[in-house]
Amino acid sequence: TKPKEPELPLFFGWFLLPEEEERIKCATMDFLKTLDTLEAFKEHISEFTGEAEKEVDLEQYFQNPLHLHCTTKFCDYGKAEGAKEYAELQVVKESLAKSDELSVTALIVTPRIFGARVALTETQMKLWPEGEDKEGVAPALLPSVEALPMGSRAHVTLGCSAGVEAVQTGLDLLEILALQKEGKEGTQVEMDLGTLSYLSEGRWFLTLREPITADTTFSSFSD
Ligand code: A2P
């Protein structure tokens with residue numbers, strides 16, 4: 001009999017340590033609580049509710065994911081393109097179970113998702129797969145995504161609205177970054193945490209005054 005091939009995981013990524021997860025959840029929930037009370041947000045409430053007068057409790061609106069993490073490579077147990085090659089990279093094997101600190105520089109809210117933008121260091125970029133930024137991106141958005149620096153998609157999904165899958169966070173983040181690059185930012189509001197800007201169709205982007213750092217472990221995950 002042939003030796004069994006090692007099985008590939010659902011995905012690889014940096015996982016926040018449990019105590020860090022709590023800290024980040026608290027800090028980001030505070031932001032959501034404030035956001036849905038802002039006049040600027042209320043003006044665009046229909047983009048979340050479908051009705052102008054209806055209120056929304058963003059804390060209830062988004063469901064929390066199980067473990068906070070920043071995906072590097074979605075492998076889908078080997079079904080995703082380049083999964084095996086990624087798992088076999090020396091840098092991936094050497095990084096497994098190692099600690100690393102992630103830096104969150106912005107928070108994003110859309111009618112679909114709530115997420116944190118992660119700024120990767122040069123060392124962390126070595127674990128970011130070539131071409132991963134444009135995986136699953138709509139053809140119309142591809143040229144703008146290709147013009148963004150590599151690793152622009154790096155993020156932590158903090159919540160999804162009903163029926164939305166976590167993969168949406170990276171796609172919404174790229175769309176926001178592309179709009180910013182075109183200078184399409186609207187209303188800006190100063191908040192304690194930083195500057196909030198509106199980018200049409202219910203998209204909100206908070207640039208943090210101070211990055212939020214979080215200790216993580218690089219690891220693979222299988223359900
Ligand atoms: P994300 O990294 O944006 O949070 P699921 O539970 O839906 O199977 O996903 C497991 C993880 O893999 C999630 O973190 C999810 O999104 C990410 N993910 C799911 N599908 C894809 C995909 N097609 N491309 C990249 N990442 C994905």
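**Entry 1: terms and model**

On a 1 Å grid over the protein atoms alone, a cavity is a set of points where a 1.4 Å probe fits but cannot get out, and a pocket is an open set with protein on both sides within 12 Å along at least five of seven lines; a lining residue has an atom within 4 Å of a point. I noted that this is a predicted model, in which local features need pLDDT of at least 70 and side-chain atom pairs count only at pLDDT 80 or more, while totals for chains, interfaces and linings use all residues. Residues are numbered from 1 along each chain as its sequence is written, and side-chain values use heavy atoms, with hydrogens and water left out.

**Entry 2: the cavity**

I looked for cavities of 30 Å³ or more and found one. The largest cavity has a volume of about 40 Å³, a volume being the space filled by probe spheres set on the grid points, which are joined across faces, edges and corners. Which residues line the largest cavity? I listed Leu16, Ile24, Leu102, Val104, Ala116, Val156, Leu158 and Ala214. Strand S3 (99-109) and S5 are the elements that give two or more residues to this lining. Here helices (H or I, at least four residues) and strands (E, at least two) are DSSP runs, numbered from the N terminus. By class, the cavity lining has eight nonpolar, no polar and no charged residues. For these classes, Ala, Val, Leu, Ile, Met, Phe, Trp, Tyr, Cys and Pro count as nonpolar, Asp, Glu, Lys and Arg as charged, and the others, Gly among them, as polar.

**Entry 3: the pocket**

I turned to the largest pocket, which has a volume of about 920 Å³. Its lining has 29 residues, and His69, Thr71, Phe74, Ala166 and Val167 lie nearest the centre. Strands S1 (11-16), S2 (69-74) and S5 (155-160) each supply at least two lining residues. Which element gives the most to the lining of the largest pocket? It is S2, with five residues. The pocket lining divides into 13 nonpolar, nine polar and seven charged residues.

**Entry 4: the whole chain**

I counted nine helices and eight strands in the protein chain. The C-alpha trace spans about 65 × 40 × 30 Å along its principal axes. The radius of gyration is 18 Å, which agrees with the value near 17 Å that a compact globule of 223 residues would have. That radius is taken over C-alpha atoms, and the globule rule is 2.2 Å times the number of residues to the power 0.38.

Buried residues make up 47% of the 223 residues; buried means under 20% relative accessible area, exposed over 50%, and partly exposed in between (1.4 Å probe, protein chains only). The accessible surface comes to about 11900 Å², of which 52% belongs to carbon and sulfur atoms. Areas come from the Shrake-Rupley method with a 1.4 Å probe, and for residues only the protein chains shown count as cover. Of the contacts (heavy atoms within 4.5 Å) with a separation of 6 or more, 71% are between residues 24 or more positions apart.

**Entry 5: isoleucine 212**

I found isoleucine 212 in strand S8. Is isoleucine 212 buried or exposed? It counts as buried because its relative accessibility is 15%. Leaving out residues up to four places away in sequence, isoleucine 212 touches Arg23, Ile24, Leu102, Ser103 and Val104. Among these, Ile24, Leu102 and Val104 also line the largest cavity. From isoleucine 212 to serine 222, 10 residues apart in sequence, the C-alpha to C-alpha distance is 27 Å.

**Entry 6: two positive phi values**

Most residues other than glycine have a negative phi. I noted tyrosine 77, whose phi is near 55°, in the loop between S2 and helix H5 (83-88). Tyrosine 77 counts as partly exposed because its relative accessibility is 39%. Glutamate 201 has a positive phi of about 50° and lies in the loop between strands S7 (194-198) and S8 (204-221). At 55% relative accessibility, glutamate 201 counts as exposed.

I found glutamate 22 in helix H1 (residues 18-35), partly exposed at 46% relative accessible area. Its C-alpha lies 30 Å from that of histidine 44, 22 residues apart along the chain. Glutamate 55 sits in the loop between helices H3 (46-49) and H4 (58-61) and counts as exposed at 68% relative accessibility. Between glutamate 55 and isoleucine 45, 10 residues apart in sequence, the C-alpha distance is 7.2 Å.
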